[in-house]
Amino acid sequence: MLNPGAWRPIALLSTIGKVIETLAARRLSTLAEQEGLLPDNQMGNRTNRSTETALELLVEQIHTVWKTGNQVASVLLLDIAGAFDTVNHL
């Protein structure tokens, strides 16, 4: 016997709306990159940026602080699995 509570309604968005949204997002992303509107240390949702790039930046900043000798380097570690959800989590 079928359970009526197991059925859920499906909401479909307009296909043309999805296409327009995708094109607008790509265009805005390209313009932001070309005009330098995003900070260099922003890694999420950018081309040629990855978890490795973020870690390289972190290590570089720590080494810079160590070289100055008069500052302390502190690191707050967060769960980045959600931030970089496209990474293969083996």
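Predicted model: local features only at pLDDT ≥ 70, side-chain atom pairs only at ≥ 80, totals over all residues.
Good morning. The accessible surface of this chain comes to about 8,500 Å², and 59% of that area belongs to carbon and sulfur atoms; such areas come from the Shrake-Rupley method with a 1.4 Å probe, and for residues only the protein chains shown count as cover.

Residues are numbered from 1 along each chain as its sequence is written, and side-chain values use heavy atoms, with hydrogens and water left out.

Of the 90 residues in the chain, 8% count as buried. Here buried means under 20% relative accessible area, exposed means over 50%, and partly exposed lies in between, with a 1.4 Å probe and protein chains only.

The secondary structure consists of two helices and zero strands. Helices (H or I, at least four residues) and strands (E, at least two) are DSSP runs, numbered from the N terminus.

Let us turn to helix α1. The end C-alpha atoms of α1 are 30 Å apart, which agrees with the 30 Å that its 21 residues should span at 1.5 Å a residue; the expected span is 1.5 Å times one less than the number of residues. After α1 comes G36, with a positive phi near 70 degrees.

Residue I20 is found in this helix, which covers residues 15-35. I20 counts as exposed because its relative accessibility is 54%. Together with I16, V19 and L23, I20 makes a nonpolar surface patch of about 390 Å². Patches are made of residues with over 30% relative accessible area and no salt bridge; like charges are joined within 9 Å, and nonpolar side chains (Val, Leu, Ile, Met, Phe, Trp, Tyr) within 5 Å. An α-helix has 3.6 residues a turn, so residues three or four places apart point the same way.

Which side chains meet in a salt bridge? They are those of E33 and R46, at 2.7 Å from N to O. This pair links distant parts of the chain, 13 residues apart: E33 lies in helix α1, and R46 in the loop between α1 and α2 (51-68). The count comes to one salt bridge, defined as a side-chain nitrogen of Lys or Arg within 4 Å of a carboxyl oxygen of Asp or Glu. E33 is partly exposed, since its relative accessible area is 32%, whereas R46 counts as buried at 10% relative accessibility.

Finally, N48 also has its place in the loop between α1 and α2. N48 is a residue other than glycine with a positive phi, near 60 degrees, and it counts as exposed because its relative accessibility is 76%. Thank you.
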